[in-house]
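Here is a short report for a reader meeting this chain for the first time. Take a look at the sequence and the model before reading on.

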Amino acid sequence: ITVSGAGLFKFNTLNREFKLYRHDDKDPNSLPDNTIYTFYQDNTGRNWVGMKSGLCFFDEEHEKFTIPSLPGNSMPLGVHKILQDKHLEFWFATNTNGVYHYDENAKKFEAFTYNESNPNSLPDNHVFCMLEDHAGNIWFGTQNRGMCFLDPSSGKFTFFEHDKKNPGSIPDNGIYDFYGDENQHLSIGTE
C-alpha cells in the first residue's frame with residue numbers, strides 16, 4: 001500500500017498486520033523517499049516503486065531498497081505510473097516531467113515531453129495515467145490537455161481534447177484513469 005509522504009506499507013493477509021517501510025538516513029538499504037506514488041511488479045517479479053525522487057526496486061525477501069542504474073544516470077522524478085508493455089519495455093509517467101521510455105535490453109532511455117514548437121510532442125508534462133491497448137499503442141492521460149496515444153513503431157501521437165462545440169469529444173481535459181477491456185473498449189475517468 002502506498003501512502004504519499006508516509007512511506008510504503010506491506011499488509012500480511014495471514015496475520016492481518018501492516019509493516020511500514022520508511023526512509024532512514026542511517027540505513028542505505030532503506031526506502032530512498034517517503035513520498036510514494038505507485039508500486040508495480042514486472043514480469044520477472046521485480047517490485048518497482050515510483051517516488052517523488054524517482055524510482056527504486058524493493059527486494060521483499062531481503063527487505064532492501066535499491067536505486068536502479070539507468071542509462072546516462074537518468075532518473076525520472078515524480079513517477080506516478082509504471083507500465084511494462086508487450087515488448088517488456090518500461091514506461092514511466094511523471095507528474096511534471098512527461099513520460100520516459102526505458103528499453104532495458106537495449107539500455108536505451110528516452111524522454112517524451114511537451115514541446116510547444118513540436119505539434120507531435122506529448123501535449124502536457126503532467127501525465128496521470130497510461131495504458132497499452134490491443135494494438136500496442138501507449139495511451140497517456142494528462143492533467144490539462146486531454147489524452148493521446150503513441151504508436152511506438154512510428155513515433156506519432158494522436159490527440160483527443162475536449163471541444164465545447166463537439167458533444168462527441170471527450171468530456172474533460174483532465175484524464176485521471178483508463179480501463180481497457182477484452183472487447184477493445186477504452187473507458188476514461190475524468191475530472
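## Basis of the model

This is a predicted model, where local features need pLDDT of at least 70, side-chain atom pairs count only at pLDDT 80 or more, and totals for chains, interfaces and linings use all residues. Residues are numbered from 1 along each chain as its sequence is written, and side-chain values use heavy atoms, with hydrogens and water left out.

## Overall build

The chain has zero helices and 17 strands. Helices (H or I, at least four residues) and strands (E, at least two) are DSSP runs, numbered from the N terminus. The radius of gyration is 18 Å, close to the 16 Å of the globule rule for 191 residues, so the chain is as compact as a globular protein of that length. That radius is taken over C-alpha atoms, and the rule is 2.2 Å times the number of residues to the power 0.38. Along the principal axes, the C-alpha atoms fill a box of roughly 55 × 40 × 30 Å.

Of the 191 residues, 39% count as buried. Buried means under 20% relative accessible area, exposed over 50%, and partly exposed in between (1.4 Å probe, protein chains only). Take contacts (heavy atoms within 4.5 Å) between residues at least 6 apart in sequence: 38% of them join residues at least 24 apart.

## Nonpolar cores

A nonpolar core is a set of buried Ala, Val, Leu, Ile, Met, Phe, Trp, Tyr and Cys residues joined through side-chain atoms within 4.5 Å. The largest one has 13 residues. W91, V99, L122, M130, F140 and F157 have the most contacts inside it. Two or more residues come from each of β9 (90-94), β12 (127-132), β13 (138-142) and β14 (147-151).

What does V99 touch, leaving aside its neighbours within four places in sequence? V99 is in contact with W91, F92, A93, E110, A111, F112, L122, V127, M130 and F140. A second, separate core has 11 residues, including W48, I82, Y102 and F109.

## Two loop residues with positive phi

Most residues other than glycine have a negative phi. K107 has a positive value, near 55°. K107 lies in the loop between β10 (99-103) and β11 (108-112). Its relative accessible area is 60%, so K107 is exposed.

Q184 also has a positive phi, near 65°. The loop between β16 (175-180) and β17 (186-190) holds Q184. Q184 counts as exposed, at 52% relative accessibility.
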